[in-house]
Amino acid sequence: IKDEVEQIVDYIRYAGKQTEKRLKKDIRSRVLEAYEITNNIYQNNKSSKNKQEISERIKEALRPIRYNKGRGYYFILNSQGVNQLMPISPELEQTSLLHNQDSQGNYFIKEMLEEVVSKNGEAFHKYHFKKPASPEKDSPKISFVKYFAPFDWYIGTGEYLDDVKEDIQQEVIARLDKIKLKNERYVFTGQWDGMIMTG
């Protein structure tokens, strides 16, 4: 029994350590997809339409896309920090975000753009926000941004670490629920507050 429990604990620890790695892999993949959509629209229209028309087509193609249970979306900034696309807050479009600060006082947009420039056109950036659902908690967020030269755009997306951690936790619980041990034994897990999660 001890060996079986230790194997399960090792699996839980391993899954927990994958949070940031999984988040980064996911958001980078999403941005590369958005970049390909953007470049495809640009290449297919650059000889017949002006830049304004093409940019609007790109923004409207990216605007409705959601992922990760509706949490994920794309944003676009230009090199001056002016917001070109912000689906969850369209009122912020065409306004400068360069002097916006995160919950720790960092000028995260300015730092993000500088980081992309210093790393050959794409980079991850970590910052902090108080989420509307839990304003008492300072939540780390990671974004990935890639530069699109024809429009001087930075295309990006981001995700909160604790949201990904919760996704992984739910996957672990679902997997543990399916484990069947010998002699009709089963696995149960719980929290320190007494809440039973599996079993």
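How much space lies in the second largest pocket? In this predicted model, the second largest pocket holds about 600 Å³ of space.

## The second largest pocket

The lining of this pocket comprises 26 residues, and those closest to the pocket centre are Tyr73, Met86, Ile88, Phe129 and Lys141.

At least two lining residues come from each of β1 (75-78), α4 (108-118), β3 (122-130) and β5 (153-160). Strand β5 provides the largest share, with four residues.

Strand β1 is covered on both faces. Phe75 and Leu77 are buried on one side, and Ile76 and Asn78 are buried on the other. In a regular strand, side chains alternate between the two faces of the sheet.

β1 runs antiparallel to β5, and four bridges join the two strands. Within this pairing, Leu77 stands opposite Tyr154 of β5. β1 also pairs with strand β2 (residues 83-85) in the antiparallel sense, over two bridges; here Ile76 has Leu85 as its bridge partner. The two strands β1 and β2 form a hairpin with four residues between them, and Gly81 in the turn has a positive phi of about 80°.

## Aromatic pairs

Eleven aromatic pairs are found in a search of the whole structure. One of them joins Phe108 and Tyr127: the ring centres are 4.8 Å apart and the planes lie at 20°, so the pair is stacked. Because Phe108 belongs to helix α4 and Tyr127 to strand β3, this contact ties together parts that are 19 residues apart in sequence. Both Phe108 and Tyr127 are buried.

Tyr127 also pairs with Phe129; with ring centres 5.7 Å apart and planes at 85°, this pair is edge-to-face. The two residues of this pair are classed separately by accessibility. Tyr127 has a relative accessible area of 4% and is therefore buried, whereas Phe129, with a relative accessible area of 23%, is partly exposed. Phe129 is also among the residues closest to the centre of the second largest pocket.

A cluster linked by ring pairs contains Tyr35, Tyr42, Phe148, Phe151 and Trp153.

## Charges over rings

Two lysine residues are placed over aromatic faces. Lys24 lies over the face of Phe124, at 5.2 Å from the ring centre. Lys131 lies over the face of Tyr160, at 4.9 Å from the ring centre.

Terms used. Residues numbered from 1 in each chain as written. Predicted model: local features only at pLDDT ≥ 70, side-chain atom pairs only at ≥ 80, totals over all residues. Heavy atoms only, no water. 1 Å grid on protein atoms, 1.4 Å probe; cavity = no way out; pocket = protein on both sides within 12 Å on 5 of 7 lines; lining within 4 Å. Points joined across faces, edges and corners; volume = space filled by probe spheres on them. Phe/Tyr/Trp six-rings, centres within 6.5 Å; stacked < 30°, edge-to-face > 60°. Buried < 20%, exposed > 50% of the residue type's maximum accessible area, 1.4 Å probe, protein only. Lys NZ or Arg CZ within 6 Å of the ring centre and 35° of its normal. Pairing = 2+ DSSP bridges.
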